[in-house]
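This briefing is for a reader who has not seen the structure before. Please look at the sequence and the model, then read the notes by topic.

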Amino acid sequence: MNKKIKIILWAFFIGLIVIATWSLMPMKSLQNSESENTEDIDSDLIVVGFSQLGSESDWRSANTKSIQNALTKENGFSLIFSNGRQSQENQIKDVRSFIFQEVDYIIIAPVTETGWDTVLNEAREAGIPVIILDRMIDTEDESLYVASVGTDKYAEGKTAGLWLEKYLKEQKSGYDALQENDPFSEVTLQDESGQNTDIINIVVLEGTLNSTAQIGRSKGFEDIAVLHENWNILAFENGDFTKAKGKEVMLKYLQKFDDIDILVSQNDDMTFGAIEAIQEAGLKCGVNGKIKVISFDAVSKAFDMMEAGLINVDIECNPLQGPRIAQIIECLEKGEAFEKISYVKEQVFEAKDAGIERFARSY
Ligand code: GYE
């Protein structure tokens, strides 16, 4: 064989290999791109595909664990877990992979609210019931999901605002002009209801934009803030629910504003980062600090920080949603009725009670 023909034949074979590999790729990507499920699917059990939005926070880890602990083999489930890594595109791929694998149920914890209709229609056409977890989706067709399990984020935001209202009132009545570290020590004004009417400078660390947790908590807090002319929201910026981004944005705030009274941080992980930023700037926060801190989630580490006086109050967001999911699937299996929308119970924890309240908590 002459040299030229040999080269052409080699090029042809290599080309064939490249085409074969490439044509297999779409099939592969359908197979659960980010699956962390190590066990085989057991089709004798109830097969559930779970698209979790990511692993950005302690709250998220507790939420994932709660689902995994509820949907065990012993309880009759075979669970396929996929981590969407903060990307809706990944999550949509994961859902398509579940449809391809003909699972019995799909659970989605959606990273953001919009853009789910197409893939949910595909699930419906395949006859697979979908349960929305933690955050919500924005759709005009509510029949695209059979149930949603989560928390009332708007109520959480409102609770934060109401706590601040109460706190400022208490500060006013317990006013002690000699108290050095008190940011309200120069309070001189008061309205007829006893509210502090001095200017209160507030900065907000928001969670992932367009997620239910960001939308609800922002709106809830703002609905209380507008009732108070003296509440001055200096800034709100996206900290993406992570410690690193929370720290970065807080550093920016501290460089820009020198009179911050209140930090509202829409989750604990951002709060942890923000506290680091405050301390590195040589400032104090929390119970005895200049900057009062309102946080959300109430995970275990936040209790440590409340006990240390660094966080004033934590509005709980309960991640233990697995048992309710298992219950709903059981109802669906038996053809029994259930509430389409359910919220899990939550509480408010203040620094002064953190030492006692933390007992009997599992996250
Ligand atoms: O507060 C935060 C997480 O959607 C309620 O997401 C959830 C939020 C939670 O990353 O820590």
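This is a predicted model: local features need pLDDT of at least 70, side-chain atom pairs count only at pLDDT 80 or more; totals for chains, interfaces and linings use all residues.

In which strand is Val130 found? Val130 belongs to strand E4, which covers residues 130–134.

- Val130 counts as buried because its relative accessibility is 1%, and buried means under 20%.
- Setting aside neighbours within four places in sequence, Val130 is in contact with Ile106, Ile108, Leu120, Ala123, Leu144, Tyr145, Val146 and Ala147.

**His228 in a loop**
- His228 sits in the loop that runs between helix H6 (212–225) and strand E7 (231–238).
- With a relative accessible area of 11%, His228 is buried, because the cut-off for buried is under 20%.
- The side chain of His228 makes a polar contact, at 2.7 Å, with the side chain of Glu165.

**Helix H7**
- Helix H7 spans residues 243–256 and has 14 residues.
- From its first C-alpha to its last, H7 reaches 20 Å, close to the 20 Å expected at 1.5 Å a residue.
- The buried residues in H7 include Gly246, Lys247, Val249, Met250, Tyr253 and Leu254.
- Among the elements that cover the buried residues of H7 are strand E6 (200–206), strand E8 (262–265) and helix H8 (268–280).

Definitions and conventions:
Residues are numbered from 1 along each chain as its sequence is written. Side-chain values use heavy atoms; hydrogens and water are left out. Helices (H or I, at least four residues) and strands (E, at least two) are DSSP runs, numbered from the N terminus. Buried means under 20% relative accessible area, exposed over 50%, partly exposed in between (1.4 Å probe, protein chains only). A polar contact is a pair of N or O atoms within 3.5 Å; within protein, one must be able to donate a hydrogen and the other to accept it, and residues adjacent in sequence count only if both atoms are side-chain atoms. Contact means heavy atoms within 4.5 Å. The expected span of a helix is 1.5 Å times one less than its number of residues.
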